[in-house]
Structures are given as C-alpha cells and as structure tokens.
Amino acid sequence: MARIVKPHGLRGELVVERWSDLDERLAPGSALVSDLGTLVVEESRPHQGRVLVRLEGVVDREGAERLRGLVLRAEPAEQEGALWVADLVGVEVVDTEGHHLGTVQAVEANPASDLLVLEGGGLVPLRFVVDHQPGRRVTVDIPEGLLE
C-alpha cells in the first residue's frame, strides 16, 4: 500500500511513497498495519509526488527516523470491477467461447495496458478482460492472432 521513505522536518512528519491510488488510504483517522503494529494517520497532504504524513505518537525526527523503510498495509478495498494481481496469478484464462488459453504466471506493468503473462510467454492486455472470477478464471475477448 505504501512505504515510509524518510523523515521530513523536525516534528515527526514522514515522506511516504504511496502504492495505492486510493487517497482515503492515508486520510486522517486511517489505521495502517505495519511490522511495528497498527499506526493511525493524524494528518496527510500531497508533497512532490509523494505524501507527507503525521502518525499518532510520532512527534519528532528521531521517532520518524525509526520508521524509515517501514511498509504500511491496509485492509483490502472493495472496488467493483477492480482486478487485483493476487486474484489473477495462477488462474485459468479462457476466450469468450470457453477455449483454454493458458494460466496467468504474472501481471506485467505496461503504459498502454498492464499485461497478463501466460505460461509459455503469451501476453494479453488487461483491456481485453471481459469477465473474471477472482482466484478461478479470467475470460478475455482478444483479437484473432494475438496469441499465435
């Protein structure tokens, strides 16, 4: 979800690199889980492509320094229609007629459209996914010849 990069200033603020596109993950009052336990966001604001965050109980630079590199996690978000990498890796991929095309080995970031990497090296842009059953199957509507 996010990683604490470094302290910012002298009063316990932290520079956080956010991996989630959900702004509410770092909203005041949000509870985040870390290897050090639950941390609660007091304040947050955008700063140079990252987020400055103040956590409850972190009041000085020394306290902030102890959190450097800490990974912050949040409860899974429910977003209708969202595709999560954990729900895609290992699932069967079929076309709209039910033909088996392969199994997802990974999801690769790509500027135009993230790609399903199939066993054997086939690549299917996520924009061709028409249905998905998390952890079980993905149905794609791909142009003829894409995987040949």
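This is a short walk through the structure shown above, from its overall outline down to a few single residues.

The model is predicted, so local features need pLDDT of at least 70, side-chain atom pairs count only at pLDDT 80 or more, and totals for chains, interfaces and linings use all residues. Residues are numbered from 1 along each chain as its sequence is written, and side-chain values use heavy atoms, with hydrogens and water left out.

The protein chain has 2 helices and 12 strands. Here, helices (H or I, at least four residues) and strands (E, at least two) are DSSP runs, numbered from the N terminus. If you trace the chain from the N terminus, the order is β-β-β-β-β-α-β-α-β-β-β-β-β-β.

Now step back and look at the outline. The C-alpha atoms fill a box of roughly 60 × 25 × 20 Å along the principal axes. The radius of gyration of the protein chain is 20 Å, whereas a compact globule of 148 residues would have one near 15 Å. That radius is taken over C-alpha atoms, and the globule rule is 2.2 Å times the number of residues to the power 0.38.

What about the inside and the surface? Of the 148 residues, 36% count as buried. Buried means under 20% relative accessible area, exposed means over 50%, and partly exposed lies in between (1.4 Å probe, protein chains only). The protein chain exposes about 9,100 Å², and carbon and sulfur atoms supply 47% of that area. Among contacts with a separation of 6 or more, 45% come from residues 24 or more positions apart; contact means heavy atoms within 4.5 Å.

Next, look at charged side chains that pair up. The structure holds 7 salt bridges, each being a side-chain nitrogen of Lys or Arg within 4 Å of a carboxyl oxygen of Asp or Glu. One of them joins the side chains of Arg45 and Glu13, at 3.1 Å from N to O. Arg45 sits in strand 4 (residues 37–47) and Glu13 in strand 2 (residues 13–18), so this pair ties together parts that are 32 residues apart in sequence. Arg45 is partly exposed, with a relative accessible area of 41%, while Glu13 counts as buried at 10%.

Strand 4 also takes part in another pair. Glu43 forms a salt bridge with Arg54, with the closest N and O atoms 3.8 Å apart. This links Glu43 in strand 4 to Arg54 in strand 5 (residues 50–55), 11 residues apart. Glu43 is partly exposed at 42%, and Arg54 is buried at 17%. In a further salt bridge, Glu65 meets Arg68, and here the closest N and O atoms are 2.5 Å apart. Glu65 is partly exposed at 33%, and Arg68 is partly exposed at 44%.

Finally, let's visit two loops. Gln48 lies in the loop between strand 4 and strand 5, where Gln48 is exposed with a relative accessible area of 74%. Most residues other than glycine have a negative phi. Phi of Gln48, however, is near 50°, a positive value.

Gly90 is found in the loop between helix 2 (85–88) and strand 7 (92–95), and Gly90 is exposed, with a relative accessible area of 52%. Which residues does Gly90 contact, leaving aside its neighbours within four places in sequence? They are Thr103 and Val104. The C-alpha atoms of Gly90 and Ala106 are separated by 8.0 Å, although the two residues are 16 residues apart along the chain.

How values were computed
Accessible areas come from the Shrake-Rupley method with a 1.4 Å probe; for residues, only the protein chains shown count as cover.
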